[in-house]
Amino acid sequence: MASVHESLYFNPMMTNGVVHANIFGIKDWVTPYKIAVLALLHEMSTTKPMALLDRRRLNKLILPLQQGPDLTLEQFLKIVEECCLRMVNAVKHRLFLMADGELQDMEHFFTILPNAFSDSEAFKTSVVGLFMRQMLLAYNKLSFSQVYKLYKSLQQYCHRVQPELSALPTEDMELTSNEDPSAEHIDKDELDTASLHQSELRSDESQGPLSQKQAEYFLARQAYLLKNDENKAMSPAKLQDELNNILKFNPDFAEAHYLSYLNSIRVQDIYISTHSLLHYFDRLILSGGEGKSNGDEGYGRSLRYAVLNLATLHCRFGHYQQADLALQEAIRIAQEANDHVCLQHCLSWLYTLEQMKGSDSVVLTEDSVKIAAHFCLPYLASLGIQSLVQQGAKQGMPANKLLDALRGTDIMHWKQSLSELIEISLAQTTSIWRMYGKSTMARQQAQLLLNMNSLEPVNFSVQQNNTEAFAVALCHLAELHAEQGLYAVVSDIMKHLKQQFPPHTQHAKLWMLCDLKIQFEKAMNDGKYHLAEPHVTAISALNSTEGLYRKAQLLKALNQTTEASQILQQLQQQCEKSKDIEMTIRVMLASAELHWDSSGFATALPLLLQALALSRQHNLQSLTSETLLHLAFTQLMLGIPEQALVLVQDVLESVLAHGSLIDKGRALLLAARCQMALAGAAAQEHRLTALEQAVHTLDEAAVYFSQLDCKERMRDIHYLQARLHHTLGNISQRNKCSMLFRLLDQELPSSGMTVVSHL
Amino acid sequence: MAATRSSEFGDLVQIKKQLISITAQCKERGLVHSVKWASELAFSLDPLPLNEIPPAPELTEEDARDLDALCLAKSYFDLKEYDRAAYFLRGCRSQKAYFLYMYSRYLSGEKKKDDETVDSLGPLEKGQVRNEALRELRVELSKKHSAGELDGFALYLYGVVLRKLDLLKEAVEIFVAATHALPLHWGSWLELCNLITNIEMLKSLSLPECWVRDFFMAHMFTELQMIKEALQKYQSLMEAGFAKSTYIISQIAVAYHNIRDIDQALYLFNELREQDPFRIENMDTFSNLLYVRSMKPELSYLAHNLVEIDKYRVETCCVIGNYYSLRSQHEKAALYFQRALKLNPRCLGAWTLMGHEYMEMKNTSAAIQAYRHAIEVNKRDYRAWYGLGQTYEILKMPFYSLYYYRKAHQLRPNDSRMLVALGECYEKLSQQVEAKKCYWRAYSVGDVERMALLKLAKLHEQLNEFDDAAQCYIIYIQDIFSCGEQLEHAEVSTALRYLGQYYFKNKLYDEASLCAQRCCDYNDVSSSSAAHSQLRDANLSPFGKMLILSPKQVM
């Protein structure tokens with residue numbers, strides 16, 4: 001009966017009912033694998049003459065061998081063999097000398113071990129020296145039976161490899177090699193039953209326990225990879241397996257719970273992540289309470305940060321109410337404990353939460369910045385400033401102030417080497433320039449970020465490039481390239497984004513939305529409205545406002561004006577509530593276009609003027625020029641081409657400098673039409689030159705449209721050109737243009753719109 | 001009538017004979033716990049006349065050949081020299097010797113495993129120590145099993161080996177086979193019981209038709225917290241003639257403890273103590289009951305008594321811990337729970353109780369640790385989850401404790417205490433809607449502490465929902481009076497006072513006066529004086545106000 005023996009079980013790790021993970025204070029202990037490594041080190045220090053290349057390769061090997069998990073002898077020998085063939089034989093010889101000999105051979109090895117190092121180049125405090133001394137210490141602390149056990153396991157370790165060495169790959173040999181030597185008497189004829197269990201025996205042998213050192217190294221590495229380059233970390237399922245394995249052997253290893261929390265956040269598993277987070281802090285509270293030196297302070301501190309972390313967890317999953325409650329709790333207990341640093345963290349989360357909820361948090365943020373500066377917390381202070389800049393940009397703060405603020409914080413970032421914040425700052429500048437419609441500046445800043453060498457030390461040969469800042473910059477680049485019609489480049493960028501930020505990760509939504517927008521624009525430009533439709537649904541899933549806007553655009557293009565105008569009105573209200581200026585202006589422009597469709601050119605004017613005022617106020621240059629083009633078109637339609645042409649010419653420069661291909665084409669097309677209208681009214685002698693000028697402008701526009709492969713616009717241009725050439729009397733040119741027009745007209749479905757009624 | 005009685009009696013005689021023979025068989029094989037169970041049961045039945053006592057089973061040729069080796073090995077086995085026993089049994093052919101041979105090897109492995117735990121090479125290795133003999137035993141036993149050479153005892157051992165190797169599905173099959181082969185061996189049933197996790201699994205098994213099966217089912221129902229069914233089963237077993245069995249009495253007492261029927265459980269435990277005064281098993285449960293009822297003298301007597309019997313038993317330590325806890329000597333209580341854990345680290349109750357003690361001592365970090373250990377041993381221990389929640393609530397982190405209370409509630413959906421705790425947390429977080437839901441639900445599932453309605457009423461009062469508050473107070477008062485017993489924390493006077501004011505406000509003066517008068521019965525000074533003044537108001541109004549005003553006018 002099992003219960004009989006349970007009374008025999010006594011746990012030595014426990015004193016006063018408290019289980020200590022580490023009774024001896026030893027983080028590492030001797031295993032057969034460690035002996036093999038020691039043997040290698042010993043051989044290395046005793047064999048003096050060695051080829052320089054071999055030595056260098058071996059030296060490079062030492063650290064991974066010490067820190068990595070225990071390998072089997074086969075694996076170990078193979079790795080060493082790759083570096084130095086001679087060394088393998090020496091190590092093998094030494095190991096088998098111990099394994100085939102007696103216990104005293106092993107004891108002898110440990111006695112001669114320090115001698116080899118005393119006069120060699122391995123210092124006592126070097127990595128090798130420390131390792132060696134740790135091993136010796138651990139070995140000397142072993143009790144009689146433990147030494148014997150170690151020797152037995154060394155024998156097993158060495159002999160497991162022997163069948164392969166003696167080149168007998170038969171199945172039964174491999175099988176018995178798995179069993180204890182004492183199990184040899186099992187008859188060979190029962191292979192069928194035994195082979196059933198072989199796989200299972202194998203599997204639990206390969207999953208040996210890690211020593212505390214090895215486990216710590218493993219956790220540190222995986223956590224680093226998760227933070228910096230998730231693709232290089234273990235897959236979530238496998239990592240969880242490893243963690244469970246570690247926790248099985250040492251349930252008190254709290255850090256493993258934290259990694260499990262990170263890992264489950266990665267796969268968006270709220271259940272396990274909450275569980276692991278709380279478990280981690282429960283354990284941490286214990287270790288904090290144990291150390292008498294920091295006493296109650298450490299304990300209370302971890303409590304506060306536990307709640308704060310819980311709040312961030314809920315934030316991450318979008319449970320704003322829960323996050324709010326947790327945050328309030330954190331603030332309360334931090335206040336009670338007078339912990340200003342924690343309070344400051346809480347405050348910065350508070351304004352982030354407010355922002356995520358979509359409410360105004362400028363005052364909170366300003367307070368946060370002030371207090372952070374007071375308590376000398378540069379990270380939080382400049383994070384607050386960046387957040388303020390973001391809000392300011394949205395609310396139309398003067399550009400010089402914003403950029404000044406960013407530059408000011410940048411200087412501090414470089415001083416303090418806060419590389420994360422530098423990245424954010426660059427990405428933010430990119431976004432701001434983009435918003436202002438300065439595509440060249442935006443492109444330059446994005447490139448600067450992508451080409452910057454990170455200030456953080458490069459560990460595990462991984463450079464951090466998976467932050468939100470990178471995603472934002474890459475998305476901007478993709479959109480900028482799409483505007484210039486360089487779709488091959490765009491797809492390359494998208495491919496990189498997909499690889500770097502797999503769909504389940506936190507920042508994947510950014511590129512998804514960007515990708516969809518680009519595809520939508522492309523489909524709209526090509527006039528393939530049926531292709532654009534599914535994108536609208538997908539965009540709405542990621543961003544409802546954007547989705548509505550795109551839907552209105554699509555409906556407008558499909559001539560469903562009533563529905564479109566309804567949606568636009570709805571959007572207008574939404575935007576006014578959320579103070580999204582860019583969207584408001586775009587909605588106004590779209591509404592104005594709807595008015596054109598119903599020939600309400602005069603009614604469109606006040607809308608456009610309002611949009612112009614707004615965009616000027618907020619320094620949104622691209623939208624300003626867009627609005628001006630709209631105004632010019634309206635004026636043209638209202639019969640004042642002189643005014644229209646003046647407007648177009650005013651704005652043409654900035655459009656050509658910063659605008660997208662389609663904007664450039666449209667501006668030139670509009671200019672040409674103004675010129676045509678003016679030519680009609682001009683005197684005879686000026687008329688021909690004016691018409692020629694118009695033809696020239698149309699040619700330029702045609703270049704841009706053909707780059708975009710925008711057939712509808714090309715058709716319009718060919719039509720206009722044919723008409724002009726007809727007037728000018730260039731018959732051959734006219735015929736050519738009309739032929740091109742006819743070809744395109746046959747290819748395209750006839751749209752209800754005539755040339756005149758849109759920009 | 002007579003016929004049925006005689007047949008029942010004959011049945012019992014048959015059972016008694018079976019018990020006697022199985023006792024002998026188990027004894028020969030060193031299965032001490034099964035021997036204990038069977039003999040306890042046999043003892044509760046009437047003694048047999050001499051001619052009815054079953055003769056010892058016939059010895060076969062093989063048995064005779066192995067007799068000496070078996071005798072020698074058994075003596076070594078009893079002295080816990082398992083390897084030695086196995087050595088002398090290695091060539092034996094008889095079933096009995098074979099079982100003892102394998103069993104000694106198994107126990108030797110277990111013993112070595114436990115010894116090794118002490119000198120494992122490092123802390124992380126401690127989880128890795130395992131019984132090295134298990135794999136060999138499994139291979140040998142599975143070979144014999146497929147050849148059909150295993151008897152009931154050997155099947156039981158095979159099952160145990162499989163369970164230890166974590167091959168649970170196979171283990172269940174083997175244990176079922178073992179019960180078929182030898183239904184009287186209680187050990188197989190008990191092992192099976194540990195492997196069954198839910199009622200569906202229980203129903204899917206095909207178990208042998210035998211009277212032992214009823215015992216098994218009753219035990220299983222208790223384990224699965226289906227207390228009503230378990231009690232029914234035990235009742236029918238008692239009626240069938242096992243009324244004197246201490247085993248059944250203890251089981252019923254534990255069942256009553258689980259559904260918190262404290263009086264019944266106490267009565268049964270007292271009876272048990274009378275019949276079996278030196279019993280230590282289950283006494284920790286008994287002490288829990290005494291603790292809940294704060295019966296200091298009885299608990300003290302029990303503790304001293306148990307210490308005299310055997311002070312190094314887990315149960316004794318738990319009883320002493322409870323005793324000290326009741327006397328508010330929490331350090332000592334914690335010390336004894338620690339001792340219990342040293343005796344058996346997998347003793348779940350002690351971890352939780354120790355957590356409670358640390359809570360009393362305001363040592364929250366140690367309490368958290370103790371509770372976490374309890375959860376590690378058994379994830380389904382709702383008391384530990386509840387304790388964690390309480391700890392964090394004491395640390396003034398109600399939001400944080402919500403998670404733990406929710407866990408506890410998940411495990412005991414119909415326990416009002418978790419719901420009340422949840423409600424309190426929500427109230428602290430000013431989530432009144434959720435709090436109200438919790439309190440109402442707590443009342444609906446049968447409120448143990450009768451606090452939910454009071455809290456609900458106060459919540460309504462705060463939110464100025466006067467009608468709802470009054471309604472709750474009315475139900476609360478009815479509830480308190482109908483249950484009859486005196487509760488210390490009962491706040492009937494508060495309820496009455498509120499109701500009085502409520503009726504007064506609604507101009508129902510008769511009811512108001514009634515409430516106020518009833519309120520005066522309670523000797524709570526502040527409330528009764530308030531009630532008095534209010535009563536005066538109620539009686540005198542509408543003229544009262546004039547009369548109160550008059551002194552001022554005089555002045």
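**Confidence, salt bridges and burial**

Author: In this predicted model, pLDDT (the predictor's confidence in each residue, from 0 to 100) stays under 50 over residues 538-555 of chain B, and for this stretch the model has 6 contacts, meaning heavy atoms within 4.5 Å, beyond four places in sequence. Where pLDDT is low, the predicted coordinates should not be read in detail. Chain B as a whole averages a pLDDT of 81, with 88% of the residues scoring at least 70, while over residues 122-126 of chain B the value is below 50. The predictor gives the complex an ipTM of 0.72 and a pTM of 0.73.

Reader: Which conventions and thresholds apply to the model?

Author: Residues are numbered from 1 along each chain as its sequence is written, and chains are lettered from A and ligands numbered from 1 in the order in which they are written. Local features need pLDDT of at least 70 and side-chain atom pairs count only at pLDDT 80 or more, whereas totals for chains, interfaces and linings use all residues, and side-chain values use heavy atoms, with hydrogens and water left out.

Reader: What makes Glu546(A) and Arg586(A) a salt bridge?

Author: The term requires a side-chain nitrogen of Lys or Arg within 4 Å of a carboxyl oxygen of Asp or Glu; the closest N and O atoms of Glu546(A) and Arg586(A) are 3.9 Å apart, and the pair therefore qualifies. The pair links distant parts of the chain, with Glu546(A) in helix H28 (residues 544-557) and Arg586(A) in helix H30 (residues 581-597) of chain A, 40 residues apart, where helices are DSSP runs of H or I with at least four residues, numbered from the N terminus. Both residues also belong to a network of salt bridges with Glu521(A) and Arg550(A).

Reader: Why is Glu546(A) called buried?

Author: Buried means under 20% relative accessible area, exposed over 50%, and partly exposed in between (1.4 Å probe, protein chains only); Glu546(A) has 7% and is therefore buried, while Arg586(A), with 24%, is partly exposed.

Reader: How do you know that Glu465(B) and Lys436(B) form a salt bridge?

Author: Their closest N and O atoms are 3.2 Å apart, so the pair meets the rule. Glu465(B) lies in the loop between helix H25 (452-462) and helix H26 (466-483) of chain B, and Lys436(B) in helix H24 (residues 432-444), 29 residues apart. Glu465(B), at 26% relative accessible area, is partly exposed.

Definitions and conventions
Helices (H or I, at least four residues) and strands (E, at least two) are DSSP runs, numbered from the N terminus.
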